[in-house]
Amino acid sequence: MDTNRLLHLFEQHYGINQGEVRLFHAPGRVNLIGEHLDYNGGYVLPAALQIGTYLLIRSNADRMLRLASVQFEEAASFSIDELPTVKSDMWTDYPLGVVHEMNKAGHPITQGYDLLVAGNIPNGAGLSSSASLEVVIGYALLTLEGYPIDRTALARLSQRAENQFVGVNSGIMDQFAVSHGKQDHAILLDCDSLQYEHVPFQIQGYKLIIGNTNKRRGLVDSKYNERRTQCDEAVEKLKQVYPDLTYLAHLTSEQFQQAKHVLTDRVVCQRAEHVVFENERVKQSMKALREGDLLAFGQLMNASHESLRDLYEVSCEELDVMVQEARTVNGTIGSRMTGAGFGGCTVSLVAQAAVEDFVNTVGANYERHTGLKPDFYVCDVGDGVIELEWPAFIATDESI
Ligand code: ADP
Ligand code: MG
């Protein structure tokens, strides 16, 4: 994305004046492994991508908050003394939610701002364009107001904006990854304690390819809630053996094997088995990545997909076909569904030399099997939210 062109657009929209326009960027994210563990008190391993959301921002003297986006036609402006308290179901709900949460946190905006947003994350594909938008707005406003920035607090504030103002009940992982991302690193996050560490993700010679199945996701919410209920039920039953158990992911696989006889419902037992072993796969992944053993990591990605498909049953034909086709490409070392499932994206680790073959072969075969046209994003792992200097340049991931 050409940031000089964005500056030009900003000045066309808001006019030229003496004030300085500042530029910020927040990434999208992908979860590499550790699926459906966030609400089970387990580990996840997301990474920030280089695709993301730019924000150009300048303070104004008239106490107005003005919002515009290159991707969305609706622009809006509000007096900062009379901000709307109910949502409008427009994209502007996300920034307004952030401003409200800043207020509640004792960090109100004290002057007006003109903002222009421009992103290159596909919306609604599960790469967290919404978290990217919230976090870039929060980071920029906190910076311009001179408030101290704690990246974990920023992630939580952004999550509350999405939960409470926008009304989407999402976990903390997305905003956390967007806030804390680090180039060439994944983030090992304990969703229970929010303890985290950066794990080296050195994939020189390889690329992450995110494949969007473009399948419409129906019934996701009810199936998601059903999984949560089944996990709660498993915890309740397992308390017969481990009275202090709060989350499934707190069990080791040995502890689980010794106690699983109390899970007499076969489906509930399968759900629990996925959670316990997936959590162990995240720990094994961390070890493999620390040792630079990408092949071992690729195998763990594959095993994660199998478990999500067979035990947790959140995959679908489209995801399975895409993963299957991905694995037939010489140069793919791991491939799995990523995100909540029932559609959305796959993530594959692929030798750089095989990227073109991957996109052509998987694309053609997937379309032949499913009748849907997929999209592919060839990604590198980038940094979390930052302020950029002019003239700014962020390598943009190829979108094919
Ligand atoms: P995801 O987070 O998976 O991409 P969501 O439905 O949670 O999908 O968030 C997408 C919404 O976030 C968009 O419909 C829009 O309201 C908002 N959004 C994301 N990127 C932008 C952008 N560049 N400009 C304005 N709004 C955006
Ligand atoms: Mg989202």
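Arginine 66 has serine 77 of strand S5 opposite it. The pairing in question joins strand S4, residues 64–69, to strand S5, residues 76–79, in the antiparallel sense and over 4 bridges. The two strands make up a hairpin, with 6 residues lying between them. The model described here is a predicted one.

Strand S4 also pairs with strand S6, which covers residues 112–119; this pairing is parallel and comprises 5 bridges. Within it, leucine 65 has tyrosine 113 in S6 as its bridge partner.

## The sheet S2-S7-S8

An open sheet is built from 3 strands in the order S2-S7-S8, with antiparallel pairing. Because S2 and S8 each have a single partner strand, they stand at the edges, and one side of each is left without a neighbour in the sheet.

Strand S7, residues 185–190, is joined to S8 by 5 bridges, and the two run antiparallel. One point of reference in this pairing is alanine 186, which stands opposite valine 199 of S8.

## Domain organisation

The domain assignment divides the chain into domain 1, made of residues 3–201 together with 381–395, and domain 2, made of residues 206–379. Domain 1 contributes 28 residues to the contact between the two, and domain 2 contributes 40 residues. Taken over C-alpha atoms, the centres of domain 1 and domain 2 are 27 Å apart.

## Area buried between the domains

About 2800 Å² is buried between domain 1 and domain 2, and carbon and sulfur atoms account for 68% of this area. On the side of domain 1, the residues that lose the most area to domain 2 are Ile33, Glu35 and Tyr39; together they supply 23% of what that side buries.

## Polar and charged interactions

Between domain 1 and domain 2 there are 2 salt bridges. The model also contains a salt bridge between the side chains of glutamate 197 and arginine 290, with an N to O distance of 2.4 Å. Polar contacts between domain 1 and domain 2 involve 14 residue pairs, with both residues at pLDDT 80 or more.

## Composition of the domain 1 side

The largest share comes from S8, with 3 residues. By residue class, this side of domain 1 consists of 17 nonpolar, 8 polar and 3 charged residues.

Notes. Residues numbered from 1 in each chain as written. Chains lettered and ligands numbered in written order. Predicted model: local features only at pLDDT ≥ 70, side-chain atom pairs only at ≥ 80, totals over all residues. Heavy atoms only, no water. Domains from an automatic or database assignment. Contact = heavy atoms within 4.5 Å. Buried area = accessible area lost by both parts, 1.4 Å probe. Salt bridge = Lys/Arg side-chain N within 4 Å of Asp/Glu carboxyl O. Polar contact = N/O pair within 3.5 Å; in protein donor to acceptor, adjacent residues only side chain to side chain. Nonpolar A, V, L, I, M, F, W, Y, C, P; charged D, E, K, R; others polar. Pairing = 2+ DSSP bridges.
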